Each structure stands twice: as C-alpha cells, then as structure tokens.
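Work through the exercises below with the structure in view. Each task is followed by a solution in steps.

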Amino acid sequence: MGTRYILMRKMMCNELKNDLTIYVSVVIPSLNVAEYMEECLESVTRQTLKEIEILCIDAGSTDGTLRVIEKYASGDPRIRLIGSDKKSYGYQVNLGIREARGKYIGIVEPDDYIDKTMYQSLYSHTNNYFPDFIKGGYIEFASIKGRRVCAEVSRSHLADVFDQLIFFGDAREMGILEINHIWAGIYRRDFLIKKNIRLNETTGASYQDISFSILVGLLADTGIYVNEHYYFYRIDNENSSVKSSSKWRCVMDEYEYITKELTQREMYTSDIRKLVCLQKLVSYQWNAVRLSEKEREEFLLAVQPELKDFSEEGSLYADLTDSQKESVKLLRNRTVLRGYLNEKQEQSRRLGKLFAKIEQGEKFVLVSAGRYGERMLLLQEMSGIKCMKAVADNNPMLQGKIWNGYSIISVPEAVQKYKSDTFIIANRKHSDKIQKQLENMGISSDKIFAVSNMLSFEEMLGLVFP
C-alpha cells in the first residue's frame with residue numbers, strides 16, 4: 001500500500017507539473033474537414049510557444065479527418081484526440097474546455113490557420129496579471145485560382161484601448177466591444193470554470209460564438225484587446241454555417257440562451273439588457289441581409305415582437321445612434337430593406353463595370369481617405385492592377401499626410417491635376433455633398449463613381465474573380 005501511495009503521489013506531482021507548464025490549451029472542434037485539417041494542425045503545432053496542448057475534439061468524421069489528426073498526434077505528444085458523441089460545435093468546445101489543463105484556452109476552427117507567433121504574442125500580454133481574456137484581430141482569406149487573397153478586418157473602434165489592461169467594473173460595455181470571432185483570442189481557464197461560461201450546445205456549428213463572446217464580455221473583470229492580427233479566417237468554405245440560409249433561427253436561439261443565462265445569474269438588469277439588445281440589433285441586421293428572400297421573410301416575421309423596444313415608443317429608442325436607428329428601419333420596414341438591398345446590388349453592378357475599365361487600363365482618383373477608401377485600395381491590391389492616380393480628401397488635417405503610400409491632396413487640387421480622369425467617392429455620410437462639389441468644379445456626373453456601401457471581402461472577391 002505504501003509503495004502504491006508513493007507511486008500515486010509521484011503521478012499526481014508529475015501531472016501537476018505538466019499542468020503548470022501548459023500555458024495555452026488549444027481546442028480544435030472538427031467534423032469532416034479533411035481538406036483543411038493538415039494546414040490547421042501544421043500552424044498550431046509550429047507555434048513559437050511550445051508549452052501548449054492541442055485538443056482535437058472530433059464528432060465522428062468519416063472523410064479522412066481522423067487520419068490527419070492521428071498522423072500529427074503520432075509525432076507530437078501535445079496532441080490529444082477526443083471523441084465527441086454530439087455533432088455540436090458548442091458541445092465540442094465545452095468538452096475541450098473541461099479536458100483542458102492550460103492556464104488559458106484558445107480555439108481554432110479546423111478550416112482556418114494561425115500565425116506561428118499567435119499564442120506566444122497573446123500570452124506575453126498576461127504580464128503576471130492574467131486578465132480574463134486577451135483578444136487579437138483576424139484576417140479574412142480565400143484560396144482562388146491557385147492564389148491566396150487576404151484582408152485584415154478593421155478594428156479602428158478599439159484604437160483608444162489597444163494593448164491596455166481594461167478593468168470593466170462599471171463599464172460593462174467595454175467587455176463586448178468585439179463579439180463573435182472567439183477564436184482570435186485566449187481565455188483564462190479558471191475564469192471560464194469559475195463563472196461556468198459554456199457555449200450553447202445547439203446542433204451543428206450555428207453561431208454559438210455569439211453567446212459565448214457576450215457572456216465572456218459581461219462576466220469578465222479584466223481584458224486586453226491586442227493591436228495585432230494573428231488568426232486567418234477562411235471565407236471560401238461552402239460548408240460553413242454562414243453560407244446557409246436554413247439556419248436563420250439560430251441567431252435568435254443564441255440571444256434566448258444569453259437572456260436565460262443572465263436571468264438565472266440575476267444579472268439581467270436594465271443596463272445589461274440594453275447592452276444585449278443593442279448587440280442583438282447588429283446580429284439581426286447581419287442575419288437579415290445575408291439570407292435568401294424566402295428565409296429573410298420568415299426571419300423578419302419572427303423578430304418583429306423583439307423590435308418593439310426599438311420603435312419610437314419603445315424603451316430603447318432614446319439610446320439609439322443614427323446608425324442604429326437605420327438598422328431598426330431596415331428590420332421593421334420591408335420597403336426600406338428592399339431599397340437598401342437594391343442599392344447594394346446596383347453598386348455591385350456598377351462596380352463590375354468600373355472594374356472592367358480598370359482591367360482595360362483606366363486610372364482613377366480616390367476621394368476620401370477613410371475606411372471606405374481603404375476598401376478600394378484593397379480592391380486595387382487584390383487585382384494586382386495599380387489604378388489609383390491620387391488620393392484626395394476635404395479634411396485639411398489629412399492633407400499632406402501619407403496614407404497607404406499616397407500623399408493626400410485637397411479635392412480642388414485633385415480636380416485641377418486630374419480633371420479628365422474618373423473620381424471614385426468612397427464615403428457614405430458625405431457622398432452626395434462630395435458629388436455636388438465635384439460637379440460644381442466641372443467634373444461631369446458620368447465621371448464620378450460613388451461607393452456609399454461598405455464592400456465586404458466576399459463582394460470584392462466576386463469582382464476580382466467573377
């Protein structure tokens with residue numbers, strides 16, 4: 001008995017020692033993703049932070065995914081293959097969190113990959129304080145015609161808080177400045193367990209990141225938003241849940257789950273409810289726009305009762321920004337939504353014609369050095385055709401500064417130098433005003449092109465690679 005006791009104690013001590021040397025447990029939920037699994041595992045196993053464990057939670061793949069995992073596991077003792085008896089992204093990640101031994105939890109989706117420095121860089125921000133979460137940014141990518149095309153997702157709204165340890169306390173809204181893309185960060189395991197934060201275990205991979213991200217943000221005491229992009233998020237997987245219109249109700253399920261969780265924790269105060277509802281508005285607009293016509297109508301009918309609080313008579317209307325009021329109109333008024341969708345469709349059609357001119361060698365002047373302008377420069381980069389002659393802006397504070405390799409000039413100077421060229425207005429708020437300004441300076445309307453809706457990465461891919 002004494003020998004057995006000593007051996008057990010040694011095993012426990014060794015296990016404890018191993019636990020202390022695992023800084024990040026990487027959870028990879030998988031189901032029939034053999035096509036992408038090798039690239040994913042290659043990126044995770046080559047992390048510069050070596051003190052990690054890799055938990056592959058597979059839900060019964062039949063396409064060769066398991067063979068790929070087993071191949072990597074045979075050469076890397078940090079990999080553990082764990083079977084899941086449920087085909088549920090939420091259940092699989094929860095299982096991984098329960099099995100994890102690291103100080104932090106990371107999540108990598110199997111059709112994505114990560115920069116080799118991701119976990120070392122994120123973990124370096126703990127600085128012995130160990131915040132509840134540390135989040136970086138991500139890069140969208142697609143592999144088309146043998147070429148990999150990438151675009152960083154803007155996080156300009158976080159500029160004032162980057163790389164700072166934030167104490168949420170009375171500023172709960174700071175915890176949910178970035179929702180979804182839970183895989184771009186790491187989460188302190190003890191925090192998740194103590195607060196009993198779990199993903200919603202609905203079937204399939206159906207937006208369970210929404211509830212997890214919001215619950216983390218509302219329950220965390222501290223967090224850091226890192227001003228770097230380490231995660232590569234694939235947008236060309238046709239089996240991805242975001243491509244499916246049939247799952248229109250899943251987004252609603254996530255907010256029902258959040259409400260239930262917060263109510264049970266006696267946290268669903270009027271202030272917290274307001275924060276959740278404003279996030280819901282963003283999610284619902286995104287869902288409505290992506291759906292096919294039939295599913296969109298079903299979704300809009302289902303959410304109308306929830307939108308009453310956002311009406312002019314509702315309790316939340318006074319707190320809405322102008323942009324949020326526009327979102328409410330889109331969701332409550334079919335005519336407004338159809339107009340918005342038609343406008344986007346018309347813009348895509350005109351952009352197609354514009355891009356045809358670019359391919360024929362036509363040059364342009366870009367007006368407005370902002371987020372919309374960055375999208376147009378990204379389109380230029382993706383095409384590989386340098387078509388922008390100059391960048392102009394009416395803001396005197398920007399004029400003379402270098403922006404994405406261009407020295408910003410005033411609009412009158414641009415007209416004087418490039419009067420015979422086409423002008424692209426990349427601005428939503430002041431588009432009409434800038435168009436009138438250009439016309440008053442002698443630029444004909446057929447030489448002015450306005451981009452008044454933000455182009456998604458997928459829309460740009462459609463233009464460059466039709």
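**Exercise 1.** Decide whether Asn200 is buried or exposed in this predicted model, and find what surrounds Asn200.

Step 1. The relative accessible area of Asn200 is 10%. Buried means under 20%, so Asn200 counts as buried.

Step 2. Locate the residue in the chain: Asn200 belongs to the loop between α6 (189-194) and α7 (208-219).

Step 3. List the neighbours, leaving out residues up to four places away in sequence: Asn200 touches Gly90, Gln208, Ser211, Asp253, Glu254 and Tyr257.

Step 4. Look for a polar contact among these neighbours. The side chains of Asn200 and Glu254 make one, at 3.0 Å.

**Exercise 2.** Classify the aromatic pair of Tyr129 and Phe167, and state which parts of the chain the pair ties together.

Step 1. The whole structure holds 17 aromatic pairs. In one of them, Tyr129 and Phe167 have ring centres 5.8 Å apart and planes at 80°.

Step 2. Planes over 60 degrees apart count as edge-to-face, so the pair of Tyr129 and Phe167 is edge-to-face.

Step 3. Tyr129 sits in the loop between α5 (118-123) and β6 (133-144), while Phe167 sits in strand β8 (residues 166-167). The pair therefore ties together parts that are 38 residues apart in sequence.

Step 4. Check accessibility. Tyr129 is partly exposed at 43%, and Phe167 is exposed at 54%.

**Exercise 3.** Which residues form one aromatic cluster with Phe130, and which charged end sits over the ring of Phe130?

Step 1. The cluster consists of Tyr23, Tyr104, Tyr123 and Phe130.

Step 2. The charged end of Lys103 sits over the Phe130 ring, 5.7 Å from the ring centre.

**Exercise 4.** Find the average pLDDT of the protein and a stretch where the pLDDT is below 50.

Step 1. The average pLDDT is 90, and 94% of the residues score at least 70.

Step 2. The pLDDT is below 50 over residues 1-19. Beyond near neighbours in sequence, this stretch has 2 contacts in the model.

Terms used:
Residues numbered from 1 in each chain as written. Heavy atoms only, no water. pLDDT = per-residue confidence, 0-100. Contact = heavy atoms within 4.5 Å. Phe/Tyr/Trp six-rings, centres within 6.5 Å; stacked < 30°, edge-to-face > 60°. Helix = DSSP H or I, 4+ residues; strand = E, 2+ residues; numbered from the N terminus. Buried < 20%, exposed > 50% of the residue type's maximum accessible area, 1.4 Å probe, protein only. Lys NZ or Arg CZ within 6 Å of the ring centre and 35° of its normal. Polar contact = N/O pair within 3.5 Å; in protein donor to acceptor, adjacent residues only side chain to side chain.
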